[in-house]
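Please view the structure first.

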Amino acid sequence: MKQFYLLCFLFLSSQVFSQQTILGNISNASGEPLVGASIFEKNTTNGTVSDYNGNYEITVTLGSTLVVSYTGYANQEISVRDVDRMNFVLEEDAEVLDAVVVQGFSGVVGKARKRTESIQRIPESVTALNSEGIEQRGISNITDFAQIVPNLKLSETQAVGVNFLTVRGIPQIRNADAPVAFVVDGVTIPDPALLNQEIFDLALIEAVKGPQGALYGKNAIGGAINIYTKEPTNARKNSLKVGYGNGNAYMGQFVSSGAIKEDKAYYRFSSQYQNFDGLLTNEFLNKKVDFSRDLTLRGQVILTPTNKFKATVGLQYINTDAGATYYSISPNSIGTTGLLEPLDSNPADGNNLIYQDQIGASDMTNLFGNLNLQFNLGKAKLQSITSVNNVDRNTTGDLDFTEEPFDKEEYYYTVFGLDQGEFNNTQSFNQELRLSSNTRGSKVDWSVGGFFQNVEREFYQSDLTLDPDWAVTDYTNTISTIALFGFLDYKLTDKLTASVGLRYDNDNFTQEDRIPLLFGEPEAIVNERSNNVLQPKASLSFQVSEEVLFYANYGRGYRAGGFNPQETELFNRDFRDEISDNYELGFKTSTWNNRFLLNGALFFSDFTDRQQFAITPDFFIPGNFNYEESTILGFELDTKARLFKYLDVFFSYGWVDSKIVTGGFTGGTDGMARDLNEFNGNTTSFVPVSNFNLGLSSSIDVNDNSSIDINVNLNGTGKIYWSDFNDAESTSDAYQLLDANISYSINKLQFTLWGRNLLDTQYYLEFDSFGFGWRGRPTTFGASVGIDF
């Protein structure tokens with residue numbers, strides 16, 4: 001018997017100690033990372049793909065053979081040695097070099113489910129671009145990226161950091177949480193003001209749609225947006241880029257990366273400065289109003305002392321100054337007095353003017369730091385992510401949007417002559433622990449973890465710039481969240497996979513309102529509430545073949561409620577949590593040797609207590625209320641085709657029907673609650689009925705050292721109702737914007753010409769029935785030159 005136990009022990013020991021975890025990078029001969037390369041243990045199902053930085057990690061048996069493959073490149077096979085790092089440099093396939101075969105699309109990976117996977121294998125509606133796609137399409141912020149994603153739109157109005165994002169028929173609430181999780185390098189950013197930050201030196205940007213609460217937590221009711229910055233590299237690389245455009249737009253960008261100690265410690269520093277003097281003119285003061293200046297600094301250090309441990313430290317600083325509150329107004333309102341009445345003319349008719357007695361200004365400062373620790377435990381991986389984030393925003397500007405001066409004696413009879421001041425500060429702390437499986441290709445893939453977040457937000461608004469006697473909002477709210485989560489993939493068969501996830505959130509809200517102090521009350525009002533919410537998710541995917549995937553998803557989403565600064569006739573003192581149940585059917589196909597990809601999804605969402613923003617017309621008091629029941633039905637298509645070696649065609653289309661089913665009641669300062677059922681059957685405001693993107697891309701090798709890249713994109717936004725009344729005066733028609741860029745690369749130099757809104761289309765990002773409209777930017781164009789050294 002002792003011999004039997006000894007033999008068992010020796011056998012198990014040999015199995016454990018014969019396993020080797022290998023880290024590495026896969027690149028081409030030029031040193032560029034190959035994203036989505038396949039790495040697998042020969043004659044097994046054990047495999048993985050390289051991430052958006054070309055990095056991979058795999059645990060294999062000593063003495064086995066690793067096979068590395070990538071579309072358009074020759075395969076490599078190598079026997080596994082007793083080493084902890086193996087880098088691969090792949091050579092282009094001879095047939096590709098001889099232009100015999102037109103290769104299909106490759107290298108499209110994402111992290112929608114918190115792990116690196118091929119987009120075509122993820123049972124979610126996902127749009128992603130790697131660094132090459134970002135540069136080719138001229139993506140400089142998330143607004144640019146949203147234009148190519150079906151059923152996603154992002155715009156910035158009123159001031160820097162005031163963003164409006166809609167996804168699959170779900171609108172964002174002004175100065176409140178977005179309907180998506182926003183994740184930077186794996187860290188959830190709670191302040192929606194950072195959604196439209198300038199993005200550069202990125203490895204990946206992706207949008208995953210549908211409720212993602214089980215994976216990303218509260219507020220991911222419509223999906224998630226992930227951005228991952230480029231990681232440091234062993235090889236020392238530097239790049240410098242400068243550019244100039246109309247509106248006295250100039251920019252400079254510098255990036256440096258390299259090894260502090262080869263294979264053990266690396267650094268990356270990225271910086272960018274942009275200036276734009278503006279193109280839109282205040283006709284009363286004859287000054288430009290849409291100016292902006294932005295400085296972004298980013299630093300990252302990665303330590304890998306062993307193949308069992310990786311530490312990443314990141315720091316980001318943003319400072320932005322921009323114009324603000326330059327809403328245009330119908331000429332019918334100029335020089336009038338008294339309360340504004342809805343106008344017969346529609347701002348979208350194109351005759352609105354910016355005509356104010358002061359120039360609005362806004363600024364935002366952000367400091368963001370994170371620490372990511374990863375421990376390889378063999379068949380499991382432990383990850384700890386710690387982050388701190390601070391955002392300060394300030395805004396001053398006109399409030400009546402006319403040239404009328406302020407008269408305190410006449411204030412109660414008119415809204416003219418007012419200006420505004422706003423201060424917003426958000427501080428947050430996140431801590432996440434995640435334990436996940438580390439064996440790819442097995443029947444079971446799982447992750448469990450816990451999450452803590454504390455957010456403190458101070459918000460102040462005044463109808464007279466920074467005059468406390470005219471404050472309409474003055475509060476500080478604190479939100480503490482403790483969450484537990486788990487997710488499981490189980491392969492029922494070789495082709496059928498079931499996935500289930502569950503997240504439990506405990507949220508505690510406290511809000512201190514200081515407005516009562518202005519009216520002689522002895523102390524501020526403090527409101528408190530607590531939530532306990534479960535967010536389940538389930539999906540079933542069927543891999544018909546290597547080229548075809550069908551999937552069905554169910555998910556519950558949750559966007560937290562809160563408290564309004566005051567109770568008014570339009571809203572109560574508080575607003576309730578928003579809950580959605582979402583059902584989705586989708587497919588993904590790759591045909592013609594991966595030269596034609598077609599993905600699609602049909603979805604239905606049932607909303608309880610959908611949140612909506614309102615502002616009182618007399619004292620401009622902001623607040624939120626709830627519609628009892630709403631529904632959303634929609635579909636989206638996303639396709640791309642490589643017609644021949646030098647021409648790619650991209651097309652995406654999204655359509656939604658977002659309806660108010662039962663309005664319910666809200667408000668009641670006069671003892672009579674406002675009846676919202678008059679909106680039953682109406683379309684949800686701020687939501688484009690549809691959007692599309694048609695793109696052409698061509699990359700031509702002139703010779704061995706030079707190439708030309710051409711990209712043209714036509715982006716379309718469908719009709720938008722800006723009021724829940726759905727009246728003609730607050731409805732904008734569909735519009736299209738044409739963008740293009742062309743670049744010429746020779747050796748380490750790149751020259752680029754670019755243009756946005758080349759047809760100079762006049763469009764509005766926001767307006768209402770009182771004639772106020774936020775005009776979109778006219779034609780912009782410019783050139784840049786970059787060098788790598």
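## R115 and E117

With which residue does R115 form a salt bridge, and how far apart are the closest N and O atoms? The partner is E117, and the closest N and O atoms are 3.5 Å apart. The model is predicted.

Is R115 buried or exposed? R115 is buried, because its relative accessibility is 16% and the cut-off for buried is under 20%. E117 has a relative accessibility of 10%, so E117 is buried as well.

## D445 and R115

R115 also meets the side chain of D445 in a salt bridge, at 3.5 Å from N to O. This pair links distant parts of the chain, 330 residues apart. D445 sits in strand β28 (residues 444-462). R115 sits in the loop between β8 (109-110) and β9 (117-118). D445 has a relative accessible area of 14%, so D445 is buried.

## D581 and R556

The side chains of D581 and R556 form another salt bridge, with 3.0 Å from N to O. D581 belongs to strand β35 (residues 578-591) and R556 to strand β32 (residues 548-559), so the pair ties together parts 25 residues apart in sequence.

The burial classes of these two partners are as follows. D581 is buried at 14% relative accessibility. R556 is partly exposed at 30%.

Technical notes. Residues numbered from 1 in each chain as written. Predicted model: local features only at pLDDT ≥ 70, side-chain atom pairs only at ≥ 80, totals over all residues. Heavy atoms only, no water. Salt bridge = Lys/Arg side-chain N within 4 Å of Asp/Glu carboxyl O. Buried < 20%, exposed > 50% of the residue type's maximum accessible area, 1.4 Å probe, protein only. Helix = DSSP H or I, 4+ residues; strand = E, 2+ residues; numbered from the N terminus.
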